[in-house]
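Please look over the sequence and the model shown below.

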Amino acid sequence: MNNNILGIIAGILTSISMLPQLIKVLKEKNVDDLSPLMLLTLIAGLSLWVAYGIGKGEAPIIYSNAFAVLVNLCPLGSYLIYSKRK
């Protein structure tokens with residue numbers, strides 16, 4: 001299997017891994033089970049992967065991690081919105 005295809009598949013799977021949690025949060029408007037520190041750490045790590053991918057010129061690393069940053073910003077934003085309602 002081509003390494004780029006493998007990287008793209010891995011990137012897609014890791015990028016969408018937070019979607020079930022995000023959907024649950026949006027449906028229930030409940031963020032009690034979310035850790036903002038974990039989300040911030042994850043977003044920081046993913047952002048560093050984007051920078052690494054840019055430095056290496058590796059599109060699968062750049063795009064998958066940039067998408068993951070955007071996906072993970074949504075639960076963090078939800079946390080900021082819904083945690084203030086209490």
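A salt bridge is a side-chain nitrogen of Lys or Arg within 4 Å of a carboxyl oxygen of Asp or Glu. By this rule the count comes to one salt bridge. Lysine 24 pairs with aspartate 33, and their closest N and O atoms are 3.9 Å apart. Side chains of opposite charge can pair when their charged atoms come close. Relative accessible area is read here as buried under 20%, exposed over 50% and partly exposed in between, with a 1.4 Å probe and protein chains only. Lysine 24, at 37% relative accessibility, is therefore partly exposed, while aspartate 33, at 64%, counts as exposed.

This is a predicted model: local features need pLDDT of at least 70, side-chain atom pairs count only at pLDDT 80 or more, and totals for chains, interfaces and linings use all residues. Residues are numbered from 1 along each chain as its sequence is written, and side-chain values use heavy atoms, with hydrogens and water left out.

Helices (H or I, at least four residues) and strands (E, at least two) are DSSP runs numbered from the N terminus. Helix α3 covers residues 36-56, 21 residues in total, and spans 30 Å from its first C-alpha to its last, close to the 30 Å expected at 1.5 Å a residue; the expected span is 1.5 Å times one less than the number of residues. Leu39, Ile43, Leu46, Val50 and Gly53 of α3 are buried. Seen down the axis of α3, these buried residues fall within an arc of 80°, so they line one face of the helix; the arc is that of the directions from the helix axis to the C-beta atoms. On the other side of α3, the exposed residues are Leu37, Thr41, Leu48, Gly55 and Lys56. The cover over the buried residues of α3 includes α4 (59-82). Glycine 57, with a positive phi near 70°, follows α3.

A nonpolar core is a set of buried Ala, Val, Leu, Ile, Met, Phe, Trp, Tyr and Cys residues joined through side-chain atoms within 4.5 Å. The largest one has twelve residues, among them Met18, Val31, Leu39, Ile43, Leu46 and Tyr82. The elements giving two or more residues to this core are α3 and α4, and α4 gives the most, with five. Valine 31 touches (heavy atoms within 4.5 Å) Val25, Ser78, Tyr79, Tyr82 and Ser83, not counting residues up to four places away in sequence.

Serine 64 is found in helix α4 and is buried, with a relative accessible area of 13%. With residues up to four places away in sequence not counted, serine 64 touches Gly11 and Ser15.
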